[in-house]
Amino acid sequence: PRERPFAILGESFSGPLAVMLAAAPAHAPWCRALILSASFVHNPLPAFAHLKSLIDLVPIDLLPKRLIVDYFLGDTDDERLMQQLLNVSARLAPAAWRARVKAALAVDVAPALQNIAAPVLYLRARQDRLVPPTQAELVKQLAPQTQIVDVDAPHFLLQVAPRRAAQEVGDFIVQTMLGEGE
């Protein structure tokens with residue numbers, strides 16, 4: 001919205017985008033809350049940074065389906081959710097996968113996060129196999145107003161634990177935005 005208070009939620013790869021939007025001069029005065037779910041503000045896997053040039057060699061379309069499910073959904077037995085993930089994954093071109101991995105390894109929005117005054121909620125997935133738990137601590141270090149909430153879920157915690165995530169986000173919105181009379 002333009003010139004109206006808003007909250008923004010960024011999950012995983014969209015977290016850096018949410019930080020950039022919340023920190024943008026045109027949006028900063030109106031951003032009342034930033035929510036990050038299993039996300040990162042800079043390369044979540046620094047040990048792999050030097051492998052960026054080799055990503056083009058990875059046969060993305062040959063990755064085992066079970067590996068994709070395990071990394072994003074963990075040990076879920078929700079067949080519908082697993083099939084949705086596999087359907088979306090099958091529609092993504094290998095070049096798109098590679099571009100996203102390269103972007104994640106190169107991103108750094110830490111300076112933008114330091115400029116955000118709004119309260120921040122970080123939903124940390126306790127079973128996350130992609131984003132290490134230290135990313136939540138880094139967010140809190142850069143934005144001390146961050147509240148970290150651990151959720152017993154894999155990387156796609158919003159999909160696997162939607163009720164818990166909605167409760168945490170709802171409580172945070174009430175506390176931050178509605179507490180101001182918005």
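Mentor: Happy to! Among contacts between residues at least 6 apart in sequence, 78% join residues at least 24 apart. Keep in mind that this is a predicted model. Its secondary structure comes to 8 helices and 4 strands, and along the sequence they follow the pattern β-α-β-α-α-α-α-β-α-β-α-α. The radius of gyration is 17 Å, close to the 16 Å that the globule rule gives for 182 residues, so the chain is as compact as a globular protein of that length. Along the principal axes, the C-alpha atoms fill a box of roughly 50 × 35 × 30 Å. Buried residues account for 42% of the 182 residues. The chain exposes about 10,000 Å², with carbon and sulfur atoms supplying 58% of that area.

Now for the helix I would pick, α8. It spans residues 162-176, 15 residues in total, and reaches 21 Å from its first C-alpha to its last, close to the 21 Å expected at 1.5 Å a residue. Which of its residues are buried? They are Ala165, Glu168, Val169, Phe172 and Thr176. These cover an arc of only 95° around the axis, which puts them on the same side of α8. Their cover includes all of these elements: β1 (6-11), β2 (31-37), β3 (120-125), β4 (146-151) and α7 (157-160).

From that cover, let's follow β3. In this strand, 6 of the 6 residues are buried, so β3 is largely enclosed by the rest of the structure. Both of its faces are covered: Val120, Tyr122 and Arg124 are buried on one side, and Leu121, Leu123 and Ala125 on the other. β3 runs parallel to β2, joined to it by 4 bridges, and Tyr122 of β3 is the bridge partner of Leu36. β3 also pairs with β4 in the parallel sense, over 6 bridges; here Arg124 stands opposite Asp150 of β4.

Methods
Residues numbered from 1 in each chain as written. Predicted model: local features only at pLDDT ≥ 70, side-chain atom pairs only at ≥ 80, totals over all residues. Heavy atoms only, no water. Helix = DSSP H or I, 4+ residues; strand = E, 2+ residues; numbered from the N terminus. Expected span 1.5 Å × (residues − 1). Buried < 20%, exposed > 50% of the residue type's maximum accessible area, 1.4 Å probe, protein only. Arc of directions from axis to C-beta. Contact = heavy atoms within 4.5 Å. Rg over C-alpha atoms; globule rule 2.2 N^0.38 Å. Areas by Shrake-Rupley, 256 points an atom, 1.4 Å probe, with all protein chains shown as cover. Pairing = 2+ DSSP bridges.
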